[in-house]
Amino acid sequence: TGMRRWARSTKMIAGMHARTTRKMRIVISKEAEKQNRLQKYINNPAFFLLILLAVELIYMVWMACTASQHINSYFHSNPQDTFMDWFNMLYVAGTDHASIYEAEKPIYPALCFAFWSILYALIPEPYRGIGSLELRNLQQPMLGFVIILLLTGILLWELFQKGYGRSGVENKLFALAMMMSGPMIYAIERGNIILLAFVFALVFILFYNSGNKNLRYLSYIALALSAAIKIYPALFGLLIIERKRWKEALIAVIIGAAFFVLPFLEFGGISSVAALFQNILTASPELANRGCGYNFSFANLMKIMQILSEGAVSGQAGILRIFPVCVTFFIYFASKEEWKKICAIVLFIVWVPEFSYTYTLLFFMLPFVSFLKTLKKMTTREVLYMLLFMFIFLSTATELLPKLDSAGVPYPLSGSVMITNAGIVTLSLLLISDGIINLVVKHRGGVLADRKIRSC
């Protein structure tokens, strides 16, 4: 009897153990399934793009709920000045062409005024000579602006989808997230012609390395147009030299020089080229001294650090002015991936001038497109890069901090500027660390190869 009881007890214990083991296996299997599902989401860039788009929509809902209370922390502080970058220059295009650069002191190349002059010709004779604000309220110039904006939006929508290059829904998600980003809306709100420069730069990035020679030359024309509008996109021509296409690089330089110089013949001649650069040099300190808001140049970053450190950091030291040039050169030459080289050029474009308003952050979309196009697997480092790019593209609502800035400046420091600058600095530090790793690996590879040769 005792043996039978012992056998039954043993059987019950074994059964309980088996059931417990099965339950544990089910629990472990469910946990593993959850982890695999999470990993599947993380490995898909669309997951992050969906988060980016959701945060962009949350920002708009927040603006609606607070009656746009903090809109001036990210977007231009004058609510009556919308689109005026466009209409101010449209007015200038209607003045005497021969003396534009001496009389009006613009900082835009002549190709821009050639374009604006065509649009100015649409204005009826009785309205010629009215002010820029009146031009914004006039039917013909506003229709011209809206049509240009619509065409630009359609081009960007198609180019973003082409650049992302995945399934149809994901392509549209990426395009929408970029179109709703902070820098994009800022550029539209200002009506700045940088939108056209960005479109042409995006065409160049997408096609400059194409196997189709016609597309490559089309991209060179696009780069020339971009540089003739905003000058600094000419730096992307380094990517042609990087591919050792010397003949094509020379042709690109000739095309660029033609688009940049020839329009000056209508606007005061070749001497106006020197006048343009003099205007830029004169305007830079004045624009930089309007406050720390909306400015992402390295000089402004130093001002912010000086404010936060209560003067411990000097923003005027010569070494700090050379620093952004050295950093961007290091990232460019130490990086292997194409998107990192593009990012180095964009950092140069944003950091080196004395003022780089929020719309210049548009150019960070160029390395982002290249990053996503070549992305194969989302490692921890890739996730970090993805999050930092998202950080740069987000519009944020924070308090203005006028007490920390110079008294009476029109564009005071805000939390939004500090947040975006933190994203840019962190991105640059990550790129620098990758560059150092590349150099160390290259050096070790060279040493090992040398040892093998010597041992033979």
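Leaving aside neighbours within four places in sequence, which residues is Asp434 in contact with? Good morning. The model I present is a predicted one, in which local features need pLDDT of at least 70 and side-chain atom pairs count only at pLDDT 80 or more, while totals for chains, interfaces and linings use all residues. Residues are numbered from 1 along each chain as its sequence is written, and side-chain values use heavy atoms, with hydrogens and water left out.

To return to the question, Asp434 is in contact (heavy atoms within 4.5 Å) with Lys340, Arg381 and Tyr385. Asp434 belongs to helix α20, residues 415–455; helices here are DSSP runs of H or I, at least four residues, numbered from the N terminus. Asp434 counts as buried because its relative accessibility is 8%; buried means under 20% relative accessible area and exposed over 50%, with partly exposed in between, for a 1.4 Å probe and protein chains only.

Let me turn to the interior. A nonpolar core is a set of buried Ala, Val, Leu, Ile, Met, Phe, Trp, Tyr and Cys residues joined through side-chain atoms within 4.5 Å. The largest has 94 residues, and Phe160, Phe198, Phe236, Phe364 and Phe368 have the most contacts inside it. Helix α10, residues 194–207, gives the most to this core, namely 11 residues. Phe364, neighbours within four places in sequence again left aside, is in contact with Cys343, Val346, Leu347, Val350, Phe389, Ile392, Phe393, Ile424 and Leu427. Apart from this core lies another, of 34 residues, including Ala93, Phe113, Ile148 and Phe267.

Two charged residues sit over rings, which requires NZ of Lys or CZ of Arg within 6 Å of the ring centre and within 35 degrees of the ring normal. Arg166 lies over the face of Tyr164, 4.8 Å from the ring centre. The charged end of Lys341 is over the ring of Tyr332, at 4.6 Å from its centre.

On a 1 Å grid over the protein atoms alone, a cavity is a set of points where a 1.4 Å probe fits but cannot get out; a pocket is an open set with protein on both sides within 12 Å along at least five of seven lines; lining residues have an atom within 4 Å of a point. Volume is the space filled by probe spheres set on the points, which are joined across faces, edges and corners.

How many cavities of 30 Å³ or more does a search of the whole structure find? The search finds one. The largest cavity has a volume of about 70 Å³, and its lining includes Trp86, Phe145, Thr152, Asn192 and Leu196. Helices α7 (139–164) and α10 each give two or more residues to that lining, and α7 provides the largest share, four residues.

The largest pocket holds about 1300 Å³ of space. Of its 45 lining residues, Ile107, Ala283, Leu287, Phe355 and Tyr359 lie nearest its centre. Helix α14 supplies the largest share of this lining, 11 residues.

Finally, Leu262 is placed in the loop between α13 (246–261) and α14. Is Leu262 buried or exposed? Leu262 is exposed, because its relative accessible area is 53%. Leu262 and Leu111 are 151 residues apart in sequence, yet 8.4 Å apart in space, C-alpha to C-alpha.
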